[in-house]
Amino acid sequence: MSTFSPLTRRAILGRTAQGLGGVALASLLQPQLLRAASQGVLGRLPLPQKAKRVIWLTMAGGPSQLELFDYKPKLAEMDGKPMPESFTKGQQLAQLQGQKLVCKGPMFSFQKYGRCQMELSELLPHIGNVADDICLVRSMTTDAINHDPAHMFMNTGSQIAGRPSMGSWVTYGLGSEADDLPGFVVMMSTGKGRNPQPIAARQWSSGFLPSKFQGVQLRSLGDPVLYLTSPNGVTRERQGRDFAAINSLNKQHAAICDDPEIATRIAQYEMAFQMQASVPELMDIRGEGAKTLDLYGCQPGDGSFASNCLLARRLAERGTRFIQLYHRDWDHHSLLREELPLRAKEVDRACAALIKDLKQRGMFDDTLIVFSGEFGRTPMAQGNKGPIGRDHHNKAMSMWLAGAGVQRGITFGSTDDLGYAAQENVTTVHDLHATMLHQFGIQHDAFSFKFQGLDAKLSGVEGAKVIKKILA
């Protein structure tokens, strides 16, 4: 009868260094060895898949739709006059609660662009040049009226922290086609001017889904990921053996206690090892050439929104499923006339460049681009914080979508004469989520995760609908 002889820690590390260390190193040359770890839980999709990936352009702070996307001649006529009480009585306001409400007409002129004659602000000439490729939605609404809850609602379908973000839902369902990069990546840029509001990491949290599906932030300046570089004197081969040994111990632990978070830890070690080689190559845009850099209007290493748009295209090429770019400093309670042109200029050219670049690379038709803030701005002026601005507003906001089966060159929905509330084809954030999942081939009301005894869904329980009128 044989006797059991437990392995010492030294023996385990020695054996795994020889075995799994080789696998880890080989995976650098053969990334498909780790591909199984990136598969999603959904098998055959119930709907035709139009979108393979999303690039979500998030204008953090709430851009003023009345100066950018939704021109209101009647509001211009009412400039300086009291806001009719019939619009605002009993309505939720943010910082204008209890203030004298006065109409503020659009501060910039609009013009018609493209064959579709889409009406857009003079501040967005480059987006105007691709108007025939986008779908402008003027009737979006949201439930939240303050920044953090509004971001939570736009990202997760709930104002309460702890729910999974959409990027996590999508990578949980579909996995990722990237072998050596995360399936869900977040990048951030900041406009020049006022102090930007913080964006909390919980906005790209995986919530109650396994944590390996949470977003990974790549920094625009400095090291893209903290501690990505190996310490001096530590070779790639040695580090590979260390990772392999650690993962072997984790796998033994997982076999004993069956904790899904251990599987996440294993996957994260493997991904971190891959990223040490892949991320520096990804972030180095010097090889893109002068023509591409000029198209986006960026310079290598400048940390701009334009550079992040170019990096988003590079991530998309490498198989990343969900890419979210935050550009901060759109919260114009004051200085709207002075600062909005700065923000618009920082994003206008790059947004158009992203569309043109994806088209010329044959990626536009299966990439869904979404441009939105977290809410809109009031048709009433705000003057209690300095030169005139606009307050938060959740009854009406504008956004646009492009690519991946979205109709081109159309304007969908409308607001009332003063731009206070959506009135035609009223659309909710849950509807937006349902539509995005639909383009991925996912039936939104059948895609759930059991949490606290309930079948939790990204699109909520309020009866979300796919916005079929904007789909080709």
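**Figure 1. Helix α12 passes helix α13 in a right-handed crossing.** This is a predicted model, where local features need pLDDT of at least 70, side-chain atom pairs count only at pLDDT 80 or more, and totals for chains, interfaces and linings use all residues. Residues are numbered from 1 along each chain as its sequence is written, and side-chain values use heavy atoms, with hydrogens and water left out. A crossing is right-handed if the near helix is turned clockwise from the far one by less than a right angle, and left-handed if anticlockwise. Helix α12 covers residues 305–317 and helix α13 covers residues 336–360; their axes come within 8 Å and cross at roughly 15 degrees. That angle makes α12 roughly parallel to α13 (angles under 35 degrees count as roughly parallel). The axes here are lines fitted to C-alpha atoms over the stretch in contact, with angles running from 0 to 180 degrees between N-to-C directions.

**Figure 2. Here are the residues where α12 and α13 meet.** On the α12 side you'll find F305, A306, C309, L310 and R313, and on the α13 side E346, V347, A350, C351, L354, D357 and L358. Contact just means heavy atoms within 4.5 Å. Sorted by type, this set has 9 nonpolar residues, no polar ones and 3 charged ones. In this sorting, Ala, Val, Leu, Ile, Met, Phe, Trp, Tyr, Cys and Pro count as nonpolar, Asp, Glu, Lys and Arg as charged, and the others, Gly among them, as polar.

**Figure 3. Y326 sits in strand β7, residues 322–328.** Helices (H or I, at least four residues) and strands (E, at least two) are DSSP runs, numbered from the N terminus. Y326 is buried, with a relative accessible area of 0%; buried means under 20%, exposed over 50%, and partly exposed in between, using a 1.4 Å probe and protein chains only. Leaving aside residues up to four places away in sequence, Y326 touches T58, A60, H151, N155, V186, M187, M188, S189, I199, Q203 and W204. F305 is 21 residues from Y326 along the chain, and their C-alpha atoms are separated by 8.2 Å.

**Figure 4. C298 has its closest cysteine sulfur in C309.** The gap between the two sulfurs is 8.9 Å, too far for a bond. A disulfide is a pair of cysteine sulfur atoms within 2.5 Å, and by that rule the count comes to 0 disulfides. C298 is buried, with a relative accessible area of 2%. C135 is buried too, at 0%.

Key
Parallel < 35°, antiparallel > 145°, perpendicular 65-115°, else oblique.
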